[in-house]
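Student: Can you walk me through this model? I'd like to go bit by bit.

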Amino acid sequence: GVFMKKRDILLVIMLLCCVSFCACNNGRERTEIVSDSEAKEDITEESTETDRIAKGYDLLVSDSERKEAEDDCKEKMELIAELYKNADKGYASNVIIADEIIDQMVEKLKSIGCSVTVTALYSDMENYKELEDFLNASIAGRSGSAVCYEIHSDGGVGRYKYIYDGKDMYILSAKAAWSDDDKPVITYISYTRIKEWKFTDKGWFCYELCVPEYPEVTEIVDGSCMVRVKPITEKNREMSEKCVLGLAYQGNNLLCSDWDIDRMESLDYNGLYEYLYAMKYQEQFPSENYPDGIPKDEFESLIMEYLPVTAEEIESYAVFDEEKQTYMWERLGCFNYAPTYFGTSFPEVTDIRENKDGTLTLTVDAVCSMILCDDAVITHELTVKFAEDGSFRYLGNKILDDGLSNIPEYQYRIVRK
């Protein structure tokens with residue numbers, strides 16, 4: 001999605017301070033004679049505006065740009081109003097619209113030529129050429145602008161106008177939401193300079209907004225954003241969702257360590273179990289049912305289903321309680337996990353190679369939109385083998401180009417006594 005900040009799927013433990021930018025238009029023209037104190041006020045206002053321009057955020061939005069953004073947002077909301085009104089919104093205070101309704105909203109905007117996307121991972125931007133052409137023109141130094149929209153999970157619309165003046169890139173962001181009586185309401189408009197940006201070969205528009213920094217704020221304000229402009233192929237999306245999304249890079253090391261059928265001892269089996277459980281049963285591991293650990297047979301059979309390892313090997317590699325005949329399990333938390341930005345990355349399959357032995361080698365990039373703002377923090381090759389019934393096993397992982405030196409050392413969930 002445009003801001004890839006909503007990690008509904010990935011568990012993001014890190015709490016970063018999110019700042020909502022509000023632009024306030026204080027421009028006042030004065031023709032009357034002013035007193036000394038009023039003159040000082042004017043100077044202060046001018047210096048505040050100069051300060052703002054230097055800092056690059058909370059920039060003043062011109063009346064014409066504000067009106068254009070508000071009118072445009074309301075117009076797009078009217079297009080999807082009927083879909084929103086008829087959608088099942090449940091009774092929770094935070095409305096979440098069903099994916100199929102969101103898709104229909106996207107279709108509405110797509111049909112009138114808008115560049116539009118959603119916040120879910122692996123989403124394609126519809127009518128992406130306008131933004132792609134604008135970015136390529138900006139790289140070549142030509143000024144211009146492009147607008148894209150994002151349908152949010154609550155049925156609201158985000159509008160992002162990117163403006164390049166030949167030197168700097170800016171973003172005018174506006175958000176429209178639905179009021180209790182189903183009327184569109186503009187919830188914010190902000191104008192911000194983009195500090196750095198790049199358009200990658202893979203088709204990611206990565207940029208970092210100007211944000212408040214120390215000593216103005218004491219926490220890190222994350223101004224990094226990533227927009228997938230060029231689409232991901234259907235096959236790569238399918239393999240990303242099926243084989244790697246459920247594992248990711250936090251709480252287990254299957255995708256972020258080197259291993260193969262002859263080197264299985266370094267995998268964190270105790271950490272991995274809950275992710276394989278969720279992949280197999282499509283539900284969260286019910287840890288409350290296992291206060292004394294996971295019974296030996298249950299643990300081993302699930303691990304062996306996904307990995308080429310024997311029960312004897314699992315018992316010697318994992319943390320096992322001989323007396324209770326259970327494998328230890330602990331929830332990931334502040335006592336056994338130091339949050340890292342890399343840990344919030346999500347895996348994206350970029351290539352699929354068929355091998356002579358019937359296995360597939362997936363080339364996978366770790367995409368990190370937080371702070372690092374990198375569409376490939378590491379690249380690794382994951383070997384999998386599919387059975388005729390659609391089930392599969394992981395056979396090995398290899399991190400390319402000295403990637404291990406770019407990421408934090410893996411922290412095992414439970415340390416052997």
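Student: What kind of model is it, and how are residues numbered?

Tutor: It is a predicted model: local features need pLDDT of at least 70, side-chain atom pairs count only at pLDDT 80 or more, and totals for chains, interfaces and linings use all residues. Residues are numbered from 1 along each chain as its sequence is written, and side-chain values use heavy atoms, with hydrogens and water left out.

Student: What does the protein chain average for pLDDT?

Tutor: The average is 88, and 88% of the residues score at least 70. pLDDT is the predictor's confidence in each residue, from 0 to 100.

Student: Where is it below 50?

Tutor: Over residues 5–35. Beyond near neighbours in sequence, that stretch has 72 contacts in the model, a contact being heavy atoms within 4.5 Å.

Student: OK, the sheet. What's the strand order?

Tutor: The order is β8-β15-β14-β13-β12, an open sheet of five strands with antiparallel pairing. Helices (H or I, at least four residues) and strands (E, at least two) are DSSP runs, numbered from the N terminus; two strands pair if DSSP finds at least two bridges between them.

Student: Which strands stand at the edges?

Tutor: β8 (259–260) and β12 (346–354). Each has a single partner strand, so one side of each is left without a neighbour in the sheet.

Student: What packs on the sheet?

Tutor: Helix α5 (residues 234–244) does, touching β12, β13, β14 and β15 (392–399). Its direction makes about 115 degrees with that of β12; the axes are lines fitted to C-alpha atoms, for helices over the stretch in contact, and angles run from 0 to 180 degrees between N-to-C directions.

Student: How many bridges join β14 to β15?

Tutor: Seven. Leu 382 stands opposite Asn 397 in β15. Their hairpin has five residues between the strands, and Gly 390 takes a positive phi near 95 degrees there.

Student: And β8 to β15, how many bridges?

Tutor: Two. Asp 260 has Gly 396 in β15 as its bridge partner.

Student: Switching to the inside. Which residues touch the most other members of the largest nonpolar core?

Tutor: Leu 254, Leu 307 and Tyr 394, out of 50 residues. Such a core is a set of buried Ala, Val, Leu, Ile, Met, Phe, Trp, Tyr and Cys residues joined through side-chain atoms within 4.5 Å. Buried means under 20% relative accessible area, exposed over 50%, partly exposed in between (1.4 Å probe, protein chains only).

Student: Which elements give two or more residues to this core?

Tutor: α5, α6 (269–281), α7 (296–306), β13, β14 and β15. The largest share, seven residues, comes from α6. There is also a second, separate core of 32 residues, including Val 61 and Tyr 84.

Student: Last topic. How many aromatic pairs are there?

Tutor: The structure holds 25. Rings of Phe, Tyr and Trp (its six-membered ring) pair if their centres lie within 6.5 Å; planes under 30 degrees apart count as stacked, over 60 as edge-to-face and the rest as tilted. Tyr 273 and Tyr 277 form a tilted pair, 6.3 Å centre to centre with 40 degrees between the planes.

Student: How far apart are Tyr 273 and Tyr 277 in helix α6?

Tutor: Four residues, so about one helical turn separates them. Tyr 273 is buried at a relative accessible area of 2%, and Tyr 277 counts as buried at 10%.
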